[in-house]
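I opened my notebook to look around one structure.

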Amino acid sequence: MFQENLGDVNLVNVFSMFVLWITLIIVTSFLIKKAKLKKFYQILILIISVIIGGIILGANPNPVNPIQQLFLLLRGNSIFTPMLIIFGLLLLSTLVIGRIFCGYACPVGAIQELCSKINFKSNLKEQENVKVALKTNQKWANLIRWIFFIFTGIVSIIWGLAVLQILSPFRGYSHISNPLAVALIIPFIILVIVIILSIFIYRPWCRYLCPFGALASITSRFSRYKYVRTEDCTECGLCEKICPTQEAFRDSSKGECYECNRCREICPQNAIIFDKS
Ligand code: SF4
Ligand code: SF4
């Protein structure tokens, strides 16, 4: 039930998206490593991700679809192997460079990051002038995300209902080029809700629901490269105040760090670098 779009990805789309993701990940990693990720480049990368990955390629493939396939595989359904390979590679990338994929290349992540710039500033004075920006507790967000992960797994495996397909904001992008497809209306509404919410809550889909985000938040804790403090740090605490996910503390795992660069931009000592952890 509701599984008709699961294998509905052609190889040209898979290849195009793969090339886009690799390009965005390499360019962003290079700019972050060299401390050259200016706001202009950030916004340009995010817009490219939304327009090409989201609107033109319809966010298909995406990092959530293979998880739905894996759930259904446990029920005995067949799977579309290229997407699973890409899924594995994306997860592997989080072991090396953390969540740069989530931060910049994922089209749903990118649109949320763009919207977050309205209320989640990288300057405390500007931040104080913001009327509504909800800093929500990451532990609760994590718990809700795992409950959703387990719920979708159980529903898929026991009843064969591809609930991740029904609720996926990724598929909402496909509605833009295919407005008559009834099955895409709910994903489109969810995408719109996610976009509006992300003005007030930092990355609501990623932090509260995304099943790939749940897995990546574990693997990226072991990432080789992370944002780390140098000995120039004076413990002023500015980075901790500005970080929207409570990950800027010296000993934090960085599992929920989207490499947004806010901590680095606010640091008066330039004491945050992207280096071996
Ligand atoms: S957490 Fe999910 S939706 Fe968010 S950026 Fe990562 S893969 Fe994309
Ligand atoms: S630790 Fe820095 S880069 Fe990571 S999410 Fe927080 S502010 Fe952004």
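**Entry: ligand 1.** I sorted the shell around ligand 1 by class and got 9 nonpolar, 2 polar and 2 charged residues. I kept in mind that this is a predicted model. Next I asked which of the 13 residues around ligand 1 come nearest. They are Cys102, Cys106, Trp205, Cys206 and Cys210. I then looked up which helices contribute to this shell. Helices α5 (100-105), α12 and α13 (211-219) each supply at least two of its residues. Last, I checked the space that ligand 1 takes up, and it is the second largest cavity.

**Entry: ligand 2.** What kind of space holds ligand 2? I found it in the second largest pocket. I listed the residues around ligand 2, and they include Cys243, Cys257, Cys260 and Cys263. Also on that list are Thr245, Glu247, Ala248, Tyr258, Glu259, Asn261 and Arg262. By class, I noted 6 nonpolar, 2 polar and 3 charged residues in this shell.

**Entry: aromatic pairs.** How many aromatic pairs does a search of the whole structure find? I wrote down 11. I then looked up where the two residues sit. Phe71 is in helix α3 (residues 65-73), and Phe149 is in helix α8 (residues 138-159). The pair therefore ties together parts that are 78 residues apart in sequence.

**Entry: a tyrosine pair.** I turned to Tyr202 and Tyr258. The centres of their rings are 6.1 Å apart and the planes are at 75 degrees, so this pair is edge-to-face. It links distant parts of the chain, 56 residues apart. Tyr202 is in the loop between α11 (185-197) and α12 (204-208). Tyr258 is in the loop between α14 (238-242) and α15 (262-266). I checked burial again. Tyr202 counts as buried at 1% relative accessibility, and Tyr258 is buried at 2%.

**Entry: a ring cluster.** Which residues do ring pairs link into a cluster? I noted Trp21, Phe87, Phe101 and Phe212.

**Entry: the backbone.** I looked for a cis peptide bond and noted the one from Asn60 to Pro61, with omega near 15 degrees. Pro61 is in the loop between α2 (39-56) and α3.

Arg203 has phi near 45 degrees. Its place is the loop between α11 and α12, where I had also found Tyr202. Arg203 has a relative accessible area of 0%, so I marked it as buried.

Glu235 is not a glycine either, and its phi is about 60 degrees. I located Glu235 in the loop between β1 (225-229) and α14. Is Glu235 buried, exposed or partly exposed? Its relative accessible area is 48%, so Glu235 is partly exposed.

Notes: Residues numbered from 1 in each chain as written. Chains lettered and ligands numbered in written order. Predicted model: local features only at pLDDT ≥ 70, side-chain atom pairs only at ≥ 80, totals over all residues. Heavy atoms only, no water. Near = heavy atom within 4 Å. 1 Å grid on protein atoms, 1.4 Å probe; cavity = no way out; pocket = protein on both sides within 12 Å on 5 of 7 lines; lining within 4 Å. Sits in = over half its atoms within 2 Å of the grid points. Nonpolar A, V, L, I, M, F, W, Y, C, P; charged D, E, K, R; others polar. Phe/Tyr/Trp six-rings, centres within 6.5 Å; stacked < 30°, edge-to-face > 60°. Helix = DSSP H or I, 4+ residues; strand = E, 2+ residues; numbered from the N terminus. Buried < 20%, exposed > 50% of the residue type's maximum accessible area, 1.4 Å probe, protein only.
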